[in-house]
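Please read the following briefing beside the sequence and the model.

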Amino acid sequence: MNTLGQIFVIAVSAIFIQNFVLSRFLGLCPYLGVSKKMDSAFGMGMAVIFVMTMASAITFLVYKYLLVPYNIEYLRTLAFILTIAALVQFVEMVIQKNAPALYKSLGVFLPLITTNCAVLGVAILNVTPLADGSSYNFLLAVLNGFFSGVGFTFVLLAMAGLRMRLELVDLPESMKGMPISLILAGIMALAFYGFMGLKI
Amino acid sequence: MIHLLMLVMPAATLSSQITTPVIIIGAMGLVFGLILAFAAKVFAVKIDPRVEQILSVLPGANCGACSKAGCAGYADAIVHDGAEVNLCAPGGPEAAAAIARIMGKEAGSMDKKVAVIHCSSGGYENTKFRYAYRGIETCLSAVNIAGGPNTCTWGCVGFNDCLRACKFDAITIDECGMRVIDADKCTACGACVKACPRNLIELVPLKNTVYIKCSSQDKGPLAKQSCGSELPCIGCGICSRKCPVQAITIENNLARIDYTKCINCGICATACPTGAILDLLCGARKKAEVIDELCIGCTICAKNCPVEAISGELKQVHKIDKDKCVGCEICVSKCPKQAIKMV
């Protein structure tokens, strides 16, 4: 398989087939917490794409050049959390200084995803061997991070759109708010289950 | 098997197995820590200490009455964009004074205001309906269906959007289903003003207690028919003619009080033929009286009296006609010798 084909497979599988929220059930906290309004959902989505891409790159290097040579792969969870938290803090400082406009739109969301399980999940999945025994190289790992973020943003925006309409629906008192949102999330996950049948 | 291995394993091997990961992870933590400490110095953003000081005196309700994005946005705007210091409605004069101290500016005058609903209808018994509305129970949704369920297309529909908008619990519902605004709790943030789809709510200075409790722009007979509380403004203009300071204007069949001119005398409320004007102080007003020993006859009170109730020659003790006096207390505030009291 050529690289372009591989990239396409990674994109489709990260966004639809193995969507982080709806088939891996990672990152559910921001998915339910920040999906009340379209604009904050969009800001959160952008922040997740950014952090996932950066984290994929750094953690891949940490794994390959630090953990593997010393045979301590079993410490990857610990090492990755450390790396991601430091990275997000660092990035936050840099953009606060150099890009105040970007900081205003992303800044509030960055601390929320320092130790988000979706970000940790993509870092760990990047270094886990695939079903056929091969594993990602650096470029594919970064792209996997990017497209996983896109997939997260996609379902977050879809959820926000649905929940904004839900606000106007006359619901029984006990279903208002979180209960109906959870049911909605379940139905969305069922719908995404259909993508499992895609053969690429 | 593994247990056995562990038991027979020499102590040196076990400790070397632990040492490597501890050193690697510890080194990672140290390096990241140093990078962050270094970055904190290099990328430090200087925040004006005044911003944080102002933020600490603001109420922190993030209500948006100042038209900035939250209290932090307002604090930032004061320091960097030279925004006025008296824009915070919930904080009121105290916050304005505190901010002025931090900024070294004058606070300027700031009258505390209170929200007033310009409609006397909207309760359980005093609202006339054209059709039974069975939809989402918000005013916004109700008024959008065929001009609203109540006969008066200007009046309160009674689904309490204002109450839900109030962050300070200043609006409550009484036993008749009417919304009551607690002047002590109201911070004049204006959230209810924005929430009311019929624009019935206005922020009125707290010292003014006379309100026109109607917003109907219908012509007289129609306003009378459609008003559920039977207290409509029919736009007859009697209040406007009776007002001693010309504070009331009639526009689109509706009287409106200009609170920058209103002296709070309440004459309009007694003159209104339909009872549309509410006067909270009705019957409780005092009359002005000159303290003869203190009066020096400067005529300042007579010149300032809006109803010409004060008479007297220069350097003579003045007299106040109690029938004419409306109890506005303007003379009390103008007298240089504090020679007028309210009885």
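This is a predicted model: local features need pLDDT of at least 70, side-chain atom pairs count only at pLDDT 80 or more; totals for chains, interfaces and linings use all residues.

**Briefing on the two-chain model**

Residues are numbered from 1 along each chain as its sequence is written, while chains are lettered from A and ligands numbered from 1 in the order in which they are written.

**Confidence**

- The model scores ipTM 0.78 and pTM 0.52.

**Chain A and its first helix**

- Chain A has 8 helices and 0 strands, where helices are DSSP runs of H or I with at least four residues and strands are runs of E with at least two, numbered from the N terminus.
- Among the contacts of chain A (C-beta atoms, placed from the backbone, within 7 Å) that link residues at least 6 apart in sequence, 79% join residues at least 24 apart.
- Helix H1 of chain A (residues 3-17) has 15 residues and should span 21 Å at 1.5 Å a residue, which agrees with the 20 Å between its end C-alpha atoms; the expected span is 1.5 Å times one less than the number of residues.
- A:Ile10, A:Ala14 and A:Ile15 are buried in H1(A), and, because the buried residues of H1(A) fall within an arc of 105° when seen down the axis, they line one face of the helix; the arc is taken over the directions from the helix axis to the C-beta atoms.
- An α-helix has 3.6 residues a turn, so residues three or four places apart point the same way.
- The packing partner of the buried residues of H1(A) is helix H7 (138-166) of chain A.

**Interface between the chains**

- Contacts between the chains involve 14 residues of chain B and 16 residues of chain A.
- The side of chain B that touches chain A has 12 nonpolar, 2 polar and no charged residues, with Ala, Val, Leu, Ile, Met, Phe, Trp, Tyr, Cys and Pro counted as nonpolar, Asp, Glu, Lys and Arg as charged, and the others, Gly among them, as polar.

**A hairpin in chain B**

- Strands S6 (residues 248-251) and S7 (residues 254-257) of chain B pair in the antiparallel sense over 4 bridges, pairing being assigned if DSSP finds at least two bridges between two strands.
- B:Ile250 stands opposite B:Ala255 in S7(B), and B:Asn252 takes a positive phi near 50° in this hairpin, which has 2 residues between the strands.

**Loop residues in chain B**

- Most residues other than glycine have a negative phi.
- B:Asn160, in the loop between helix H6 (139-143) and helix H7 (161-165) of chain B, has a positive phi of about 65° although it is not a glycine, and counts as partly exposed with 19 C-beta neighbours inside 10 Å.
- B:Gln338, in the loop between helix H13 (330-334) and strand S12 (340-342) of chain B, has a positive phi of about 50° although it is not a glycine, and is exposed, with 10 other C-beta atoms within 10 Å.
- B:Asp48 is found in the loop between helix H2 (11-42) and helix H3 (49-57) of chain B, and the C-alpha atoms of B:Asp48 and B:Val79, 31 residues apart along the chain, are separated by 7.9 Å.

Terms used:
Two residues are in contact if their C-beta atoms, placed from the backbone, lie within 7 Å. A residue is buried if 20 or more other C-beta atoms lie within 10 Å of its own, exposed if 12 or fewer, and partly exposed in between; C-beta atoms are placed from the backbone.
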